[in-house]
Amino acid sequence: MSPAKVCSPERLQKRALPAIRIRSDDVFIVSYPRSGNTWIRFLVANLLAPNEKITFRNIENYVPSIYKSADALDAREGRRYIKCHNPCFELYPKLVYVYRDGRDAMVSYYYYATGKKVFSGTFEQFVFSPFVEQFTSWKEHAINALDFASKYPDRILMLRYEEMLANLLPAVTSISAFLGVARDAQAIAKAAKKSSFEHLQKIEQESGGETLGKRLTFFRSGKSDQWRDHFTPKVYEQFLRENGETLLRLGYKL
């Protein structure tokens with residue numbers, strides 16, 4: 001495939017996809033921000049390198065972020081596993097897509113953005129700000145993933161964040177099979193244990209977070225239904241008007 005700078009249709013593209021030469025065996029790890037993308041990165045890395053201790057200090061060696069390592073990707077040998085948020089599904093030969101209740105994604109995204117000091121304001125201001133649509137809206141992101149999956153089910157593995165919280169083992173098993181990374185039951189169970197949210201929180205405390213030296217916690221909570229403590233009735237009503245149908249389509253209750 002030729003180098004990609006943007007994806008079409010144009011309405012899906014707000015923050016440009018860095019230009020890389022996509023290979024036919026590339027695998028992209030994709031999600032709307034704060035929906036489990038980095039969690040899947042660690043999970044895949046633990047499958048690929050079962051005897052390594054995967055931390056934020058070496059995750060780029062196994063599942064690089066396209067936003068950090070685009071310039072170095074051409075030099076990588078072998079199959080590449082690439083983190084990305086851009087919903088350019090038609091460009092990705094194969095992808096693992098993880099989705100999360102959009103209400104909780106907004107809460108997590110808010111704490112992440114304010115913690116990094118890239119957004120200042122209230123949660124109410126954040127939910128309807130342009131900031132949350134830099135990779136397109138949560139609704140558009142999820143709908144287009146669903147539509148792509150209905151057309152090309154062999155190219156995409158859809159994973160639900162909340163199901164991973166309840167039991168991570170099925171997700172690890174599915175990813176291993178989908179990617180053709182042959183592992184026996186013992187190795188899959190080991191990867192699941194090393195990728196549990198609690199273990200990743202411990203690893204982050206020991207080895208440092210996404211940006212070494214900064215006090216922002218990446219694996220902050222990982223809980224479901226946090227939105228109930230953050231949405232006011234007015235904000236919730238507006239959010240449901242825009243996103244309620246998509247929540248229902250993904251199987252969430254209103």
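Start by selecting lysine 83: setting aside neighbours within four places in sequence, this residue is in contact (heavy atoms within 4.5 Å) with Ile29, Asn37, Thr38, Arg41, Val63, Pro64, Ser65 and Ile66. Lysine 83 is found in strand β4; helices (H or I, at least four residues) and strands (E, at least two) are DSSP runs, numbered from the N terminus. With a relative accessible area of 9%, lysine 83 is buried, where buried means under 20% relative accessible area, exposed over 50% and partly exposed in between (1.4 Å probe, protein chains only).

A word on what is on your screen. This is a predicted model, in which local features need pLDDT of at least 70 and side-chain atom pairs count only at pLDDT 80 or more, while totals for chains, interfaces and linings use all residues. Residues are numbered from 1 along each chain as its sequence is written, and side-chain values use heavy atoms, with hydrogens and water left out.

**The whole protein**

Now zoom out. The protein has 10 helices and six strands. Of its 254 residues, 54% are buried. Take the contacts between residues at least 6 apart in sequence: 69% of them join residues at least 24 apart.

**Salt bridges**

Next, show the charged side chains. Side chains of opposite charge can pair when their charged atoms come close. The structure holds seven salt bridges, each a side-chain nitrogen of Lys or Arg within 4 Å of a carboxyl oxygen of Asp or Glu.

Select arginine 80 and aspartate 26. Their closest N and O atoms are 2.6 Å apart, forming a salt bridge. This pair links distant parts of the chain, 54 residues apart: arginine 80 sits in the loop between α2 (66-69) and β4 (81-84), and aspartate 26 in the loop between β2 (20-21) and β3 (27-30). Are these two partners buried or exposed? Arginine 80 counts as buried at 2% relative accessibility, and aspartate 26 counts as buried at 0%.

Move on to glutamate 60 and arginine 41, whose side chains meet in a salt bridge (2.9 Å, N to O). Glutamate 60 lies in the loop between α1 (37-48) and α2, and arginine 41 lies in helix α1, so the pair ties together parts that are 19 residues apart in sequence. Both glutamate 60 and arginine 41 are buried.

Arginine 241 counts as exposed, at 59% relative accessibility.

**Where α3 meets α10**

Helix α3 (residues 102-115) and helix α10 (residues 233-249) pack at an angle of about 125°, with their axes 10 Å apart; axes are lines fitted to C-alpha atoms, for helices over the stretch in contact, and angles run from 0 to 180 degrees between N-to-C directions. That angle makes α3 oblique to α10, since under 35 degrees counts as roughly parallel, over 145 as roughly antiparallel, 65 to 115 as roughly perpendicular and the rest as oblique. To see the contact, select Gly102, Arg103 and Met106 of α3 with Tyr236, Phe239 and Leu247 of α10.

**The nonpolar cores**

Now hide the surface. In soluble globular proteins, nonpolar side chains tend to be buried together. A nonpolar core here is a set of buried Ala, Val, Leu, Ile, Met, Phe, Trp, Tyr and Cys residues joined through side-chain atoms within 4.5 Å. Which members of the largest core, with its 44 residues, touch the most other members? They are Phe28, Ile66, Tyr92, Leu95 and Tyr97. At least two residues of this core come from each of β3, β4, β5 (94-99), α3, α4 (123-127), α5 (138-151) and α10.

Click on tyrosine 92: leaving aside neighbours within four places in sequence, its contacts are Leu17, Phe28, Val30, Cys84, Asn86 and Arg155. Then look for a second, separate core of 33 residues, which includes Leu47, Met164, Leu168 and Val172.

Val172 takes you to helix α7 (residues 169-179), whose buried residues are Ala171, Val172, Ile175, Ser176, Phe178 and Leu179. Just after α7, glycine 180 takes a positive phi of about 70°.

**Two last stops**

Arginine 34, in the loop between β3 and α1, has a positive phi of about 65° and counts as buried at 15% relative accessibility. Lysine 117, in the loop between α3 and α4, has a positive phi of about 60° and counts as exposed at 73%.
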